Number of protein chains: 2
Amino acid sequence: MSGGAPALDSAGFPDISYPNFAFDILHRDPSSGARLGLLKTPHGTIETPAYIFCGTKASIKALSPAQVREAGADIILGNTYHLMLQPGADLIARMGGLHKFTGWNGPMLTDSGGFQVFSMGHGSVADEIKGRNRNQRKSILDLTEDGARFRSYLDGRMWTLNPEISMDLQRKLGADLIVQMDECPPYHVPKEYTENSMRMSHRWADRSLSAFEKTHDGTQALYGIVHGGIYKNLRVESAQFIASRPFFATAVGGCLGGSDEEMYGILEWCRPHIHPDRPVHFLGIGRFKDVFHSVRLGIDTFDCVNPTRIARHGMALIRGAPGEKINLYNARYRNDPEPLDATSDLACSNSFSKAYIHHLFKAKEMLAFQIVTQHNIGVISRLMREVRAAIRAGTLDSLEKEWISS
Amino acid sequence: MSGGAPALDSAGFPDISYPNFAFDILHRDPSSGARLGLLKTPHGTIETPAYIFCGTKASIKALSPAQVREAGADIILGNTYHLMLQPGADLIARMGGLHKFTGWNGPMLTDSGGFQVFSMGHGSVADEIKGRNRNQRKSILDLTEDGARFRSYLDGRMWTLNPEISMDLQRKLGADLIVQMDECPPYHVPKEYTENSMRMSHRWADRSLSAFEKTHDGTQALYGIVHGGIYKNLRVESAQFIASRPFFATAVGGCLGGSDEEMYGILEWCRPHIHPDRPVHFLGIGRFKDVFHSVRLGIDTFDCVNPTRIARHGMALIRGAPGEKINLYNARYRNDPEPLDATSDLACSNSFSKAYIHHLFKAKEMLAFQIVTQHNIGVISRLMREVRAAIRAGTLDSLEKEWISS
């Protein structure tokens with residue numbers, strides 16, 4: 001945590017204030033960059049480091065808001081891209097915003113929509129982040145300084161997304177935490193492309209801030225996104241740029257390289273240049289080991305679809321298990337009378353045998369998805385509680401050994 | 001409720017006793033055949049008339065046992081046919097029986113497996129009951145005095161089901177209430193076929209009782225099934241036969257004709273000849289109006305897959321609505337901020353707008369199934385509570401007007 005406060009030109013922005021939001025850093029781990037914080041929003045205050053679970057289409061798949069809460073989740077997100085297409089931001093606005101529409105009354109984040117626009121056309125989100133992309137942008141019709149035009153994956157209709165539209169959509173959706181529009185460039189592009197893309201994302205950052213400021217009523221707070229791909233000088237420049245702007249918080253986005261080492265390297269480069277007093281979000285991080293690594297680099301919040309997505313493929317997260325999970329489709333669980341986690345307080349984890357859950361998956365019973373999705377959220381929520389306690393106690397290393405099989 | 005106790009030959013059966021079970025008739029409606037009862041089982045006592053919800057493959061689709069309970073259900077059933085094929089009765093026995101396997105700790109019923117054997121091969125269960133069957137028995141290889149041989153719908157494997165095997169399977173599954181093996185003949189057959197089938201089901205009744213008696217340990221109670229199709233003299237004969245045997249309770253099964261009138265006529269014919277002190281179950285009845293009609297004929301329990309099945313097609317049961325339900329896929333609900341039932345105590349019914357549920361169905365979000373399935377169980381459970389109160393108060397007619405749109 002070196003990196004003093006940035007002193008760059010703030011480009012004449014009014015100093016947007018966020019009176020209904022706050023981020024208080026309560027404690028710093030002397031042996032790493034890990035920190036404990038309190039992130040205050042109009043829908044409640046959460047302790048950080050925290051995990052943000054994905055409710056892509058205004059629902060955490062297979063769970064009610066009460067079940068998400070019961071599992072220990074403090075904050076969830078919705079995806080602007082999916083919601084703009086179905087059911088539409090105007091409809092959600094008429095229904096009182098995402099909180100009222102979904103029944104989730106805690107803090108909520110929406111992304112800008114840009115990430116999905118740039119990733120949906122060419123392979124999975126994971127492919128994109130992990131650098132497995134083949135640089136095909138089938139659904140994007142047009143990408144210019146203004147923004148992107150793309151076809152809906154639902155009905156082929158043409159849409160435009162740009163910084164002003166993204167701000168407008170996110171205003172209508174009404175999440176507490178909202179995110180600037182950015183371009184998320186593919187992995188297999190020349191440095192020049194990444195650099196130009198980053199600079200455009202910076203201009204889009206300023207346009208996002210201008211649009212945000214015009215309708216700012218204190219109910220929402222805006223994140224800027226650090227880009228620069230796999231290039232150190234670009235990451236540093238981007239972190240400094242975003243720190244110079246009146247964002248409430250910082251997200252680290254864009255391509256994170258093709259390996260764990262590259263991803264952590266990128267985080268290490270930009271971390272000292274990120275605004276030190278603002279919450280830092282790391283996009284798309286799902287594994288236990290990523291959580292430990294990122295927390296040590298001073299990341300305050302994460303999100304990833306992984307815990308809920310793998311649940312639907314029969315994968316239950318298990319503390320200390322090889323690979324961090326078990327596959328409940330596996331025939332070894334057919335006769336297994338043990339629950340997923342007898343030490344858990346959650347009925348999904350402590351009351352159903354693996355044999356029963358195995359049966360439910362094999363019989364295609366929807367209850368399987370409910371049980372394992374809630375279990376996985378419960379496991380990650382417990383991980384985050386224990387991580388926070390370990391930061392306080394200075395015992396992150398020993399906690400990591402409990403969670404990660406060597 | 002004329003019909004004195006039957007005085008037929010009991011065929012030399014030992015008088016099987018059910019010390020852990022009881023059926024107490026608390027009150028009779030002076031203006032109809034409706035009655036209030038208490039049905040005691042080793043897993044609890046329920047008030048009757050009661051609705052038995054279908055957990056076909058050891059799960060009420062999309063709900064946890066706690067959610068089923070929360071919705072007000074008192075008793076559920078599992079289908080022996082589905083469970084024998086997947087995951088298998090031996091496995092469920094090793095896991096401690098259906099109660100332990102599923103986590104449902106209330107009263108539970110299993111059927112004999114025969115109904116599905118005879119209906120799965122040729123159209124839907126509803127087709128069969130409603131007389132829309134085309135008399136094709138594709139999956140049945142062989143039907144003899146011994147029993148039926150059929151192919152599994154899962155993997156084509158050959159299975160045999162007969163009275164002894166059905167009793168053995170139901171012992172292993174371990175439900176409180178179990179049912180004799182019967183043949184369920186198609187609708188479009190000559191009277192002679194129905195008569196021969198009924199007599200075979202009577203012989204299977206006796207074989208079921210013999211097999212039941214050999215392993216009777218007090219944990220389960222056996223239902224006999226009244227057959228005879230759409231023929232009055234056969235229905236009367238069958239009701240008298242079943243009453244003469246030491247069953248704990250009586251189910252009215254087999255083909256119920258092609259219209260409501262035929263179905264109610266069949267019930268009226270046999271009702272006076274059914275054992276007057278035993279609980280009476282009516283198989284496969286789902287609509288509000290069927291419940292009112294059947295209750296007046298002295299039926300104590302019902303089951304039907306309808307409330308949970310239609311939920312998965314977007315249909316929410318609504319007291320007093322035309323057709324008893326609304327279709328949440330309908331575009332009229334896209335902007336509807338009202339919940340399914342603001343007067344309900346259940347979050348599924350009172351806390352989500354129809355607009356949100358409409359969105360969830362359109363977006364194929366699993367939460368839709370959870371919400372509407374729980375809602376429908378809640379509606380039927382409330383119907384049964386109100387029906388019981390109305391029987392006590394003598395107000396069944398006015399209650400029916402509240403529930404059924406004229």
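In chain A, 19 residues of domain 1 are in contact with 19 residues of domain 2. On the domain 1 side, the elements that give two or more residues are strand E4 (50-54), helix H1 (65-70) and helix H11 (288-296) of chain A. E4(A) supplies the largest share of that side, four residues. By class, the domain 1 side has 14 nonpolar, three polar and two charged residues. This is a predicted model. The domain assignment runs domain 1 of chain A over 50-304 and domain 2 of chain A over 306-393. Their centres, taken over C-alpha atoms, are 28 Å apart.

Now look at the chain around E4(A). A cis peptide bond joins Thr48(A) and Pro49(A), with omega about 0°. Pro49(A) sits in the loop between strand E3 (44-48) and E4 of chain A. In chain B, the bond from Thr48(B) to Pro49(B) is also cis, with omega near 0°. Pro49(B) lies in the loop between strand E3 (44-48) and strand E4 (50-54) of chain B.

Past E4(A) comes another backbone feature. Ala58(A) is in the loop between E4 and H1 of chain A. Its phi is positive, about 70°, although Ala58(A) is not a glycine. Ala58(A) counts as buried because 26 other C-beta atoms lie within 10 Å of its own, and the cut-off for buried is 20 or more.

Next, move to strand E11 (residues 221-226) of chain A. Six of its six residues are buried. Ala221(A), Tyr223(A) and Ile225(A) point one way, while Leu222(A), Gly224(A) and Val226(A) point the other way. In a regular strand, side chains alternate between the two faces of the sheet.

E11(A) has a parallel partner in strand E10 (residues 177-179) of chain A, joined by three bridges. There, Ile178(A) has Leu222(A) as its bridge partner. E11(A) also pairs in the parallel sense with strand E12 (residues 249-252) of chain A, over four bridges. In that pairing, Tyr223(A) stands opposite Ala249(A). From E11(A) the chain crosses through helix H9 (residues 232-243) of chain A to E12(A), in a right-handed β-α-β crossover.

For a contrast, take Glu262(A), in helix H10 (residues 260-270) of chain A. Glu262(A) is partly exposed because it has 15 C-beta neighbours inside 10 Å. It touches Ile230(A), Leu256(A) and Gly257(A), again not counting residues up to four places away in sequence. Glu262(A) and Ile371(A) are 35 Å apart, C-alpha to C-alpha, and 109 residues apart in sequence.

Finally, step out to the two chains. 34 residues of chain A are in contact with 34 residues of chain B. Helix H3 (89-94), helix H4 (98-102), helix H14 (354-362) and helix H15 (367-393) of chain A each supply at least two residues to the chain A side. H14(A) gives the most, five residues. The chain A side has 18 nonpolar, ten polar and six charged residues.

In chain B, Lys364(B) is in the loop between helix H14 (354-362) and helix H15 (367-393). Its phi is near 60°, a positive value in a residue other than glycine. Lys364(B) is exposed, with 10 other C-beta atoms within 10 Å.

Terms used:
Residues are numbered from 1 along each chain as its sequence is written. Chains are lettered from A and ligands numbered from 1 in the order in which they are written. This is a predicted model: local features need pLDDT of at least 70, side-chain atom pairs count only at pLDDT 80 or more; totals for chains, interfaces and linings use all residues. A residue is buried if 20 or more other C-beta atoms lie within 10 Å of its own, exposed if 12 or fewer, and partly exposed in between; C-beta atoms are placed from the backbone. Two strands pair if DSSP finds at least two bridges between them. A crossover is right-handed if, with the strands pointing away from the viewer, the path from the first strand over the helix to the second runs clockwise. Two residues are in contact if their C-beta atoms, placed from the backbone, lie within 7 Å. Ala, Val, Leu, Ile, Met, Phe, Trp, Tyr, Cys and Pro count as nonpolar, Asp, Glu, Lys and Arg as charged, and the others, Gly among them, as polar. Domain bounds come from an automatic or database domain assignment.
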